[in-house]
Amino acid sequence: MSTERSSKETKELNRLKKQSAIPAAGKYLLFVMIVLTVVYIVDEITSNVNAAMQPYVLFDLFGIGSRNVNSSEYTAAINTVAPWQVASNLFLIITPFYKALSDKYGRRLFLMINTVGMGVGMLIVMTSRSVTQYILGMLFMMFFTPNDMQVLYIMETAPKEKRATYSFVAKGIALISVSLIGVMSRAFLNENDAGSWRTVYLIPVAVAIVIGLISYFLLRETPVFVEQRIGYLELTPEQRAAKAEENKKNGTAEEGGVFRAVKFIFVNRQLRWILIAGFLFFATTFYTSYYATVLEGAMSTESVANVLIIYPFLNGIVTIASGFFSDRLGRKKVCVLLGSIALLGLLFFVLACRGGWGPAAAGIAYGCSIGGLWSMSDTIILTMPAESSPSGMRSSVMGTISVMIGAGMFLGQILFIVLQNFMPMDLLFLIICVPFMALSLLLLITKVRETKDADLDSITADTYR
């Protein structure tokens with residue numbers, strides 16, 4: 001190690017020790033949670049705004065004067081944009097490596113990069129005058145939204161006994177706040193102005209950039225990161241080399257951890273079936289990108305805005321309730337419950353749009369559907385793999401299996417892109433989603449073991465064989 005490098009590390013060590021010596025006052029913790037909740041809101045709005053604005057963006061950028069989502073021009077526009085949404089799933093491959101950088105450079109820096117990055121992506125979309133620029137902005141947004149740095153920050157900053165509570169509250173508030181997209185749509189969308197959709201992005205862009213900068217300049221590093229980093233910096237070069245060798249043997253090192261995890265997932269019966277069931281279930285998530293198009297074809301723009309206000313409340317309620325039910329019923333039973341809610345909600349959403357039941361019915365049905373969809377996804381991607389993996393492999397398995405399960409989106413999206421040229425979108429939702437959801441739940445019930453009461457410290461490679 002060079003002298004210059006040692007000098008930099010000495011300065012960093014001294015700075016971190018000074019920070020760790022300053023106790024976190026209650027007012028500071030409240031401020032942190034407010035900032036992180038706003039970041040969470042930005043994340044959820046960024047994740048949902050493109051899908052909500054999709055028909056209006058395509059009407060404008062593709063010059064579709066009829067504003068008819070069932071026209072051949074609109075179908076051609078979908079054929080142009082949708083493959084890029086599929087391609088964005090490739091970002092999942094590098095997500096574990098990108099997130100791992102925060103272990104070295106700090107949570108605060110990447111919280112800022114992620115939040116400002118989402119704002120810049122929305123800004124690119126908002127100012128786009130060409131399809132190419134719109135796709136670029138869309139890809140920019142899709143790179144940053146899956147990383148959830150605010151979740152890690154909450155888990156490492158909140159008091160140990162209140163981590164789950166703080167996380168659920170922040171997520172619930174963020175999900176409900178997606179209704180602001182509907183509020184802004186009602187305020188700014190104008191059917192007589194093809195470019196009025198741009199104004200819907202204005203406030204989220206400003207908030208994302210401002211709160212991202214605030215998070216960097218006014219928040220401290222998380223206590224967990226500070227402690228881990230101090231421990232690393234205090235090691236001698238020899239101790240670091242020995243630790244790296246030990247981690248490599250245990251499969252916890254960054255180098256090779258992903259490949260070790262892939263092998264372990266396929267040889268472990270429990271994780272293998274979780275992967276297959278999760279992959280099939282994720283093939284159904286495509287409908288969350290096209291629901292606004294179905295709504296626009298079934299009701300007025302004002303009514304669509306009302307749906308955008310209503311559905312986030314149901315999404316938030318189902319999501320918050322799922323956390324409590326999961327600990328009481330067990331992971332498998334709650335997955336069956338959530339999967340059934342997702343399936344029935346989707347069915348009633350299609351019926352509400354086709355039958356003219358109005359925005360309230362459509363909003364309630366869609367909100368329940370995606371609440372069940374994403375809550376089950378969290379259980380099968382995060383909770384069950386964590387409770388099925390030994391400690392030495394847990395981090396690598398969780399990061400790797402989430403990418404492998406997430407690849408199921410390719411299957412659903414490709415089927416949708418091809419078949420939407422021949423039949424209505426809402427019917428495709430049911431034709432593709434019903435069999436995949438049903439098969440996923442069947443495999444989960446018959447092939448996967450319950451993990452609710454698993455002792456994380458005693459799980460071995462043979463526990464779930």
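I started with the largest cavity, which holds about 40 Å³ of space. A cavity here is a set of points on a 1 Å grid over the protein atoms alone, where a 1.4 Å probe fits but cannot get out. The volume is the space filled by probe spheres set on the points, which are joined across faces, edges and corners. I noted that this is a predicted model, where local features need pLDDT of at least 70, side-chain atom pairs count only at pLDDT 80 or more, and totals for chains, interfaces and linings use all residues. Residues are numbered from 1 along each chain as its sequence is written, and side-chain values use heavy atoms, with hydrogens and water left out.

How many cavities of 30 Å³ or more does the structure hold? I found one.

Next I looked up the lining (residues with an atom within 4 Å of a point). Among the residues around the largest cavity are Tyr56, Arg67, Trp197 and Thr301. By class, I get four nonpolar, three polar and three charged residues in that lining.

Most residues other than glycine have a negative phi. I placed Arg67 in the loop between helix H2 (26-61) and helix H3 (72-87); helices are DSSP runs of H or I, at least four residues, numbered from the N terminus.

Last, I checked Phe348 in helix H18 (residues 331-355). Phe348 counts as partly exposed because its relative accessibility is 42%.

How values were computed:
Helix = DSSP H or I, 4+ residues; strand = E, 2+ residues; numbered from the N terminus. Buried < 20%, exposed > 50% of the residue type's maximum accessible area, 1.4 Å probe, protein only. 1 Å grid on protein atoms, 1.4 Å probe; cavity = no way out; pocket = protein on both sides within 12 Å on 5 of 7 lines; lining within 4 Å. Nonpolar A, V, L, I, M, F, W, Y, C, P; charged D, E, K, R; others polar.
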